[in-house]
Amino acid sequence: MTMLWKTPRWKTLTAAALLSAGVFALPMVAVQAQELKIGISTEPSAMDPHYHNLGPNNQLAFTLFDTLILQDETQKLVPGLAESWTAINDTTWEFKLRKGVKFHDGAPFTAADVVFSMARPAKVPNSPSPFTLFTRSFSEVKVIDDFTIQFVTKAPAPLLPTDVSRVAIMSSKAAKADVAEGMTTEALAKGEGLIGTGPYKFVEWTRGNRIVFAANKDYWGDKPKWERVIYRPMSNDAARVAALLAGDVDMIENPPPADLKKLRENPNVKISQAVSNRLIYIHLDSFSTPTTVGIPDAGDKNPLKDVRVRKALSMAINRDAITSRIMEGLGQPTGDFLPSPMFGTRKDAKPDAFNADAAKKLLAEAGYPNGFSITLGSPNNRYINDAEVAQAVASQWTRIGVKTKVDATTATVFFKNRDSFVYSAYLAGWGAGTGEMSDPLRSLVATPNRDKGFGGTNKGRYSNPQLDAIIEQALGTVDNAKREALLQQGSKMAIDDMALIPLHIEITPWATRKGLSYKARADQYTVANGVTRD
């Protein structure tokens, strides 16, 4: 097999250059009957399903493990290891577990595995983004019998079914070890105790090269469609496109926007895409006083504390131009945290209209007629054309007098800087794993509070006690219509106060070779069983 992405000649070319150079015309190899090879844009940081709540990790974890409740491609809840679930009173949910399910090692699945798995996230050390976000609503998991459990909650918790859909169920026997969490994250990365009930079994992980899975032929659900699945980490856009067109992989995620037109025209390639749950936004430091880092010339003030300044920065952004020219159509301008009709969204939510003159007037009203200087932090390899989007925003802010410099770094460096409050303004993204509004509200704009699980990714440190109260009320409201109304009220309050600046919702593409199709997913996961033969 020719591994084109390792050939030095390709490393200096963009994907567009590869297509122009003739790679676009390379013959396509027939799909092998039993093996699926996928080029992924980001290698997972761990195989431990409870270590880091990150998309590249989750999509592989959910290949190996099931959850009590599954999410389909639209994030609708469907039965998983639980056949049914019912709220039997305000603080108790009862789950009937599926009988006859076996783990990869042949051991039977029972209530004991649920108890172990729900307790484990709180015991996993040094989690960069902990799964306790999804387990903190309940205080106890009661075993009624081997196939009946009850979750006892601290208060009414209508979102408990959605929350447990994010927690992988591990084998309590296979993952047992002499430390609090059982098998450590390091041991699981080697395949030790990496036993689930999912459609595929773990075979090997060679970092930087491949992650291999084999079919679980005893799977309780839809049978695995492939005997063997190989995920190949390929962060370079050009390398992924080259590998697809050369037949070295059968499918790639995130083909670069600049190449989509030619890929769509190629009869040997099929493009699948879906509106995702991922918001691309700008967070501003509305907390620091009297000054903020990165703004040296605002008269010993933090101008970002003034909602008029935040509004001006939003109005200065031409979202339509960014999504059409830079995103090549892979973005949907937004004035909300999620795309409609996801739960809690507002049909009448509109992005701020581009109006540079009005933005300048707002700046003058706020006391900054000559603007000020600012640095905008951004990753350069995490979201679709992230650095390019940041540069466009910087140019548009500069035109209204806010002289903007972009600090674009690799995702690893960016997130470290962001979490250390190095930026007064930064561009980032948030994918709502639960597919509903409380997820971004409690993570991105609620006042940071570790005990409540609020504001874990609110690095602008925005705080509004009234908004916090609405979020808390929504999280405890069982009636769906009333809860949705509260979430809509909360999202409108946050957007009106410019808690953050929403830019667009990503539209996520995948490319497959002729003879294959992929059922595009709102959660942006690349799932092997979603790939089918035509």
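Leaving aside its neighbours within four places in sequence, which residues is Ser286 in contact with? I will start there and then go through a few other parts of the chain.

This is a predicted model. The mean pLDDT of the protein chain is 91, with 94% of its residues at 70 or more. Residues 1-32 have a pLDDT below 50, and in the model that stretch has 66 contacts beyond near neighbours in sequence.

Back to Ser286. The residues in contact with Ser286, apart from those within four places, are Leu304, Lys305, Arg310, Gly460 and Tyr462. Ser286 sits in the loop that runs between strand S12, residues 269-284, and helix H9, residues 307-315. Its relative accessible area is 14%, so Ser286 is buried. For a sense of distance, Val229 is 57 residues from Ser286 in sequence, and their C-alpha atoms are 46 Å apart in space.

The loop between S12 and H9 also holds Pro290. A cis peptide bond joins Thr289 to Pro290, with omega about 0 degrees. Another cis bond joins Ser340 and Pro341, and here omega is about 15 degrees. Pro341 is in the loop between strand S13, residues 331-333, and H11.

Next, the helix pair. The axes of H9 and H11, the latter being residues 356-365, come within 8 Å and cross at roughly 165 degrees. The two helices are therefore roughly antiparallel. Their crossing is left-handed. On the H9 side, the contact is made by Arg308, Val309, Lys311, Ala312 and Met315. H11 contributes Ala356, Ala358, Ala359, Leu362, Leu363 and Glu365. By type, the residues of this contact are 8 nonpolar, no polar and 3 charged.

Now helix H3, residues 55-64. Because 9 of its 10 residues are buried, H3 is largely enclosed by the rest of the structure. Among the buried ones are Pro56, Leu60 and Leu64. What do the buried residues of H3 pack against? They pack against five strands, namely S1 (35-40), S8 (200-206), S9 (210-215), S10 (228-233) and S11 (251-253).

Last, two backbone details. Gln75 is not a glycine, yet its phi is positive, about 70 degrees. Gln75 lies in the loop between strand S2, residues 69-71, and strand S3, residues 77-79. Is Gln75 buried or exposed? Gln75 is buried, at a relative accessible area of 7%.

Arg461 also has a positive phi without being a glycine, at about 55 degrees. Its loop runs between helix H14, residues 438-445, and helix H15, residues 465-475. With a relative accessible area of 21%, Arg461 counts as partly exposed.

Notes
Residues are numbered from 1 along each chain as its sequence is written. This is a predicted model: local features need pLDDT of at least 70, side-chain atom pairs count only at pLDDT 80 or more; totals for chains, interfaces and linings use all residues. Side-chain values use heavy atoms; hydrogens and water are left out. pLDDT is the predictor's confidence in each residue, from 0 to 100. Contact means heavy atoms within 4.5 Å. Helices (H or I, at least four residues) and strands (E, at least two) are DSSP runs, numbered from the N terminus. Buried means under 20% relative accessible area, exposed over 50%, partly exposed in between (1.4 Å probe, protein chains only). Axes are lines fitted to C-alpha atoms, for helices over the stretch in contact, and angles run from 0 to 180 degrees between N-to-C directions. Angles under 35 degrees count as roughly parallel, over 145 as roughly antiparallel, 65 to 115 as roughly perpendicular and the rest as oblique. A crossing is left-handed if the near helix is turned anticlockwise from the far one by less than a right angle, and right-handed if clockwise. Ala, Val, Leu, Ile, Met, Phe, Trp, Tyr, Cys and Pro count as nonpolar, Asp, Glu, Lys and Arg as charged, and the others, Gly among them, as polar.
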